[in-house]
Amino acid sequence: MASGTLGQSAPSAATNTTVYTVPVGKIAVCSVSIVNRGTDTVFVRLAVAASASPSNSEYLEYEAPIPPSGVLERAGIVATAGKLFVAYANTANTSVNIYGYEE
């Protein structure tokens with residue numbers, strides 16, 4: 001059973017980025033932290049999706065504002081095998097960290 005850091009990324013601006021994929025035969029319980037490293041407000045999206053291009057129904061956050069040096073955190077996310085955690089930000093000044101465990 002993997003635990004701790006499951007995925008990390010500093011996504012490019014305006015690009016869907018898969019940060020973590022739940023392995024086959026596993027479920028994952030995760031917390032997600034998205035940090036704004038920049039000096040301007042950033043707008044982010046977060047989805048738990050079946051593909052790297054999320055459908056509208058798969059978003060947990062959509063255009064959520066994060067102020068400079070701020071953080072958006074979501075905890076207690078349970079995802080089944082094959083699900084992708086996909087992040088998007090309008091600038092390249094974010095860090096996305098996914099912590100949790102697989103069972």
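How many of the eight residues of β4 are buried? In this predicted model, seven of them are, so strand β4 is largely enclosed by the rest of the structure.

**Strand β4 and its partners**

Strand β4 covers residues 42-49. On one side of the account is β5, spanning residues 59-66: β4 and β5 run antiparallel and are joined by five bridges. Within this pairing, valine 42 has isoleucine 66 of β5 as its bridge partner. Strand β7, made up of residues 84-89, also runs antiparallel to β4, and six bridges join the two.

**Salt bridges**

Two salt bridges turn up when the whole structure is searched. One is formed by arginine 45 and glutamate 63, whose closest N and O atoms lie 2.5 Å apart. This pair links distant parts of the chain, since arginine 45 sits in β4 and glutamate 63 in β5, 18 residues apart.

The other salt bridge brings together the side chains of arginine 74 and glutamate 61, with an N to O distance of 2.9 Å. It too links distant parts of the chain: arginine 74 belongs to strand β6 (residues 71-80) and glutamate 61 to β5, 13 residues apart.

| Residue | Relative accessible area | Class |
|---|---|---|
| Arginine 45 | 17% | buried |
| Glutamate 63 | 29% | partly exposed |
| Arginine 74 | 28% | partly exposed |
| Glutamate 61 | 18% | buried |

Arginine 45 counts as buried because its 17% falls under the 20% limit. Glutamate 61, at 18%, is buried as well.

How values were computed
Residues are numbered from 1 along each chain as its sequence is written. This is a predicted model: local features need pLDDT of at least 70, side-chain atom pairs count only at pLDDT 80 or more; totals for chains, interfaces and linings use all residues. Side-chain values use heavy atoms; hydrogens and water are left out. A salt bridge is a side-chain nitrogen of Lys or Arg within 4 Å of a carboxyl oxygen of Asp or Glu. Helices (H or I, at least four residues) and strands (E, at least two) are DSSP runs, numbered from the N terminus. Buried means under 20% relative accessible area, exposed over 50%, partly exposed in between (1.4 Å probe, protein chains only). Two strands pair if DSSP finds at least two bridges between them.
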